Amino acid sequence: PLPDQPRPLHRLAKLTHKILLVCVVLMPLSGWVMVSAWGDDRIAVLPVLRVPAIAKTDPAFAKAMLGVHIV
């Protein structure tokens, strides 16, 4: 924090940082769950690293996760 900035600005910066950290985790996780719920088992992090599906096939749940992923 810069010493000449007001305290509310420091708090806002810390809150924004925490929100961004949550988004960094939530974005790929919601995408993984969404793709798993669509029934796609070809999820790859890298061309050689496959990850298992973590949700049962459920189109309604997949649509809900799509909403979370978009937000």
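Predicted model: local features only at pLDDT ≥ 70, side-chain atom pairs only at ≥ 80, totals over all residues.
Is serine 30 buried or exposed? Serine 30 is buried, since its relative accessible area is 2%, and a value under 20% is what counts as buried.

**How the two helices pack**

- Helix α1 covers residues 7-38 and helix α2 covers residues 59-70, and the two pack with their axes 8 Å apart, at an angle of about 160°.
- Two packed helices are described by the angle between their axes and the distance between the axes.
- Because an angle over 145 degrees counts as roughly antiparallel, α1 and α2 are roughly antiparallel to each other.
- The crossing that α1 and α2 make is left-handed.
- On the side of α1, the contact is made by Leu26, Met27, Ser30, Gly31, Val33, Met34, Ala37 and Trp38, while α2 brings Pro59, Phe61, Ala62, Lys63, Met65, Leu66, Val68 and His69.
- Sorted by class, the residues in the contact of α1 with α2 are 12 nonpolar, 3 polar and 1 charged.

**The largest nonpolar core**

- The largest nonpolar core is built from 6 residues, namely Val33, Met34, Ala37, Ala55, Ala62 and Met65.
- Two or more residues of this core come from each of the elements α1 and α2, and α1 gives the largest share, with 3 residues.
- Alanine 37, one of the core residues, has contacts beyond its neighbours within four places in sequence, and these are with Ala55, Lys56, Thr57, Asp58, Pro59, Phe61 and Ala62.
- Among these partners of alanine 37 are Ala55 and Ala62, both of which are also listed in the core.

**Serine 30 and leucine 66 across the helix pair**

- Serine 30 lies in helix α1, and once its neighbours within four places in sequence are left aside, the residues in contact with serine 30 are Met65, Val68 and His69.
- Leucine 66 belongs to helix α2, and its relative accessible area of 33% makes leucine 66 partly exposed.
- Although serine 30 and leucine 66 are 36 residues apart along the chain, their C-alpha atoms are separated by 7.6 Å.

**Residues with more accessible area**

- What is the relative accessibility of alanine 64? Alanine 64, which has its place in helix α2, has a relative accessibility of 43% and therefore counts as partly exposed.
- Leucine 2 sits in the segment before α1, and leucine 2 counts as exposed because its relative accessibility is 53%, where the cut-off for exposed is over 50%.
- The C-alpha atoms of leucine 2 and valine 48 are separated by 45 Å, and these two residues are 46 residues apart along the chain.

How values were computed. Residues numbered from 1 in each chain as written. Heavy atoms only, no water. Axes fitted to C-alpha atoms, helices over the stretch in contact; angles between N-to-C directions. Helix = DSSP H or I, 4+ residues; strand = E, 2+ residues; numbered from the N terminus. Parallel < 35°, antiparallel > 145°, perpendicular 65-115°, else oblique. Left-handed = near helix turned anticlockwise from the far one by under 90°. Contact = heavy atoms within 4.5 Å. Nonpolar A, V, L, I, M, F, W, Y, C, P; charged D, E, K, R; others polar. Core = buried A, V, L, I, M, F, W, Y, C linked by side-chain atoms within 4.5 Å. Buried < 20%, exposed > 50% of the residue type's maximum accessible area, 1.4 Å probe, protein only.
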